Amino acid sequence: TAIMAARFLSSAFCSGPAILLLLIFIVRRLTGFDPGRDAIKTLTTIITYAMCINVFFYLLEVFTAFYSGIPGHQHPLVFLFAGHEGHVSWVTNWMWAAVVMAAASLIILPQWRTGPLLPLALVMLVAASWIDKGLGLLIGGFTPNMFETITEYAPTGREIIVALGVYAVGALVLSLLWKIALGVKRETGHFGD
């Protein structure tokens with residue numbers, strides 16, 4: 001759809017800073033490095049607004065699909081959330097979980113955004129974005145196909161291993177970069193042990 005690029009940007013502006021903030025919390029707990037209250041407040045504000053925009057864009061996409069009455073736009077959404085002509089997929093429960101997690105992460109009040117609920121909300125937000133962009137686009141984009149048939153898809157063991165390998169390489173690079181950055185901070189005396 002035409003709003004897909006805007007949805008990708010808004011989801012990147014909410015899930016990217018959410019992952020960054022989760023990493024900051026982990027580094028703060030493990031090393032004592034504190035980026036400051038203002039940095040965390042700024043990130044939570046960016047995350048909140050971007051997630052509101054992301055949800056708004058998704059609702060626009062749903063509205064457009066059902067208002068237009070075009071079956072090619074409606075069927076993937078119906079399949080993801082309710083199945084298609086009696087065929088319910090394993091993705092349906094995940095999509096509803098993404099909706100619940102996105103809604104729950106949005107209703108956290110501003111005064112709670114600095115408390116212990118913030119990491120939980122961030123994890124839910126990242127999971128909801130991952131489910132929406134991963135399963136929602138891949139499965140929903142190809143099901144039902146152009147012949148109005150359903151080909152059930154589930155990732156193979158090889159696909160799962162490749163995905164885990166990509167995440168492992170990313171975690172390795174990230175941990176090396178954090179180690180270098182924390183070493184520089186420690187040597188310059190910006191935080192103590």
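**Cysteines**

I looked up Cys 52 and found its sulfur 9.6 Å from the closest cysteine sulfur, that of Cys 14, which is too far for a bond. The cut-off I used for a disulfide is a pair of cysteine sulfur atoms within 2.5 Å. The model is a predicted one, in which local features need pLDDT of at least 70 and side-chain atom pairs count only at pLDDT 80 or more, while totals for chains, interfaces and linings use all residues. Residues are numbered from 1 along each chain as its sequence is written, and side-chain values use heavy atoms, with hydrogens and water left out.

I then searched the whole structure and found 0 disulfides. Cys 14 is accordingly listed as being in no disulfide. For burial I took under 20% relative accessible area as buried, over 50% as exposed and the range in between as partly exposed (1.4 Å probe, protein chains only). Cys 14 counts as buried because its relative accessibility is 0%. Cys 52, with a relative accessible area of 37%, is partly exposed.

**Helix 2**

Helices here are DSSP runs (H or I, at least four residues), as are strands (E, at least two), numbered from the N terminus. Helix 2 covers residues 37–68, which is 32 residues. I compared its span from first to last C-alpha, 46 Å, with the 46 Å expected at 1.5 Å a residue, and noted them as close. The expected span is 1.5 Å times one less than the number of residues. I listed the buried residues of helix 2, among them Ile 40, Leu 43, Thr 44, Ile 47, Asn 54 and Glu 61. Just after helix 2, I noted a positive phi of about 75° at Gly 69.

**Helices 3 and 4**

At what angle do helix 3 and helix 4 pack? I read about 90° for residues 71–82 against residues 91–106, with the axes 6 Å apart. Axes are lines fitted to C-alpha atoms, for helices over the stretch in contact, and angles run from 0 to 180 degrees between N-to-C directions.

On contacts (heavy atoms within 4.5 Å), I found Phe 79, Leu 80, Phe 81 and Ala 82 of helix 3 meeting residues of helix 4 that include Met 95 and Trp 96.

Ser 89 lies in the loop between helix 3 and helix 4. Leaving out residues up to four places away in sequence, Ser 89 touches Phe 79 and Glu 152.
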